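Please consult the sequence and the model shown below while reading.

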Amino acid sequence: MRGVVMYAPGDVRVEDREDPTILEPTDAIVRVTATCICGSDLWPYRGIEPVDHTPMGHEYVGVVEEIGADVKTLEVGDFVVGSFVISDNTCEICRSGYQSQCVHRTFVSEIGTQAEKARIPYADGTLVATPGAPSAEQVPHLLAASDVLGTGWYAAVAAEAGLGKTVAVVGDGAVGLMAVLAAKQLGAERIIAMSRHPERQALARHYGATDIVEERGKEGVAKIKELTGGLGAHSVIEAVGTQESFMQAVGATRGGGHMGYVGVNYEVKIPGIQLFFAGIRAEGGPAPVRRFLPDLIQLIWDGAIDPGKVFDLTLPLEDAAEGYRAMDERRATKVLLTL
Ligand SMILES: [Zn+2]
């Protein structure tokens, strides 16, 4: 099969990889219909995360081609959406809703779903079948649920976005935009998107942002305070993962408010005393997308949400290298790869 392999930072190739086979009775082989490039794929691309001839990709939708003897909830031919984290969905941690911390957790990035096929372990606990075969138009929306929508949704839930709340979203990448969509769906009254890019501001407004703040850092915090009567937002979502964005999120959260942080924050150092005096509640980490998948699939199936608009460049898998370049140079927010 064909698949994306990153040889070294900045060196993305599409080449022949070995076809996956069933190794465990709980495995499924999925023929990938569509996959995409994630903001987090830029960490190795830019040399921040080690990379050496690594198969790439952790977002995927596709058709079940083969199942192991113990797979019970799926059949060959089912169209499935999968989380970017492998989970059994039966352990005590999974049953509490934190499938991304499953005792059997592995990351789909270790499999590499920017490829024609993928072996998904713990298929019952990781994959969710759609009600039927989706239309071509539905595929991008379902693909978004695999990571960015699920992650944005988790961030909004972790930040307790809900009825009557003012929600501020730090970050206008795909996850930040999905967090705006989620906050709107969860009933937030006011949604402040922090963004400097006109096209992303427009999409944020489409998804439900009521206010746009272009300032960053201390000025950004001051602006959020100004818009909230000096209090700060009830709910703040951190969807970037840099020092500035993280402390901007801490500063923008009101005392007793909630911060949901989902930006992968390799280099962030949190000054304890600043967190102490902020007096906020914080929850984050890799999103338990599996918790939300059944509901998100239904919302997409009903046409209630259109998360797939976040893909602003579609390329064939063979042109993945150009997709990485476009995202690295910020010419694209998120790239969908077709097969
Ligand atoms: Zn588990």
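A residue is called buried if 20 or more other C-beta atoms lie within 10 Å of its own, exposed if 12 or fewer, and partly exposed in between, with C-beta atoms placed from the backbone. The model is a predicted one: local features need pLDDT of at least 70 and side-chain atom pairs count only at pLDDT 80 or more, while totals for chains, interfaces and linings use all residues. Residues are numbered from 1 along each chain as its sequence is written.

**Overall fold**

The protein chain holds 12 helices and 18 strands; these are DSSP runs, numbered from the N terminus, with helices (H or I) of at least four residues and strands (E) of at least two. Its C-alpha trace spans about 60 × 40 × 35 Å along the principal axes. Of the 339 residues, 52% are buried.

**Helix α9**

Helix α9 (residues 243-252) is mostly covered, with 8 of its 10 residues buried. The buried residues are S245, F246, M247, Q248, A249, V250, G251 and A252. Their cover includes the strands β11 (166-170), β14 (233-238) and β15 (253-261), together with the helices α8 (217-227) and α10 (272-278). Contact here requires C-beta atoms, placed from the backbone, within 7 Å.

**Two helix pairs**

Two packed helices are described by the angle between their axes and the distance between the axes. Axes are lines fitted to C-alpha atoms, for helices over the stretch in contact, and angles run from 0 to 180 degrees between N-to-C directions.

| Helix pair | Angle | Axis distance |
|---|---|---|
| α6 and α7 | roughly 20° | within 8 Å |
| α8 and α9 | about 25° | 9 Å |

Angles under 35 degrees count as roughly parallel, over 145 as roughly antiparallel, 65 to 115 as roughly perpendicular and the rest as oblique. Helices α8 and α9 are therefore roughly parallel to each other. Their contact is made by G217, G220, V221 and I224 of α8 and by E244, Q248, G251 and A252 of α9.

Helix α6 is likewise roughly parallel to α7. In that pair, L177, V180, L181 and K184 of α6 meet R200, L203, A204 and Y207 of α7.

Definitions and conventions
Contact = placed C-beta atoms within 7 Å.
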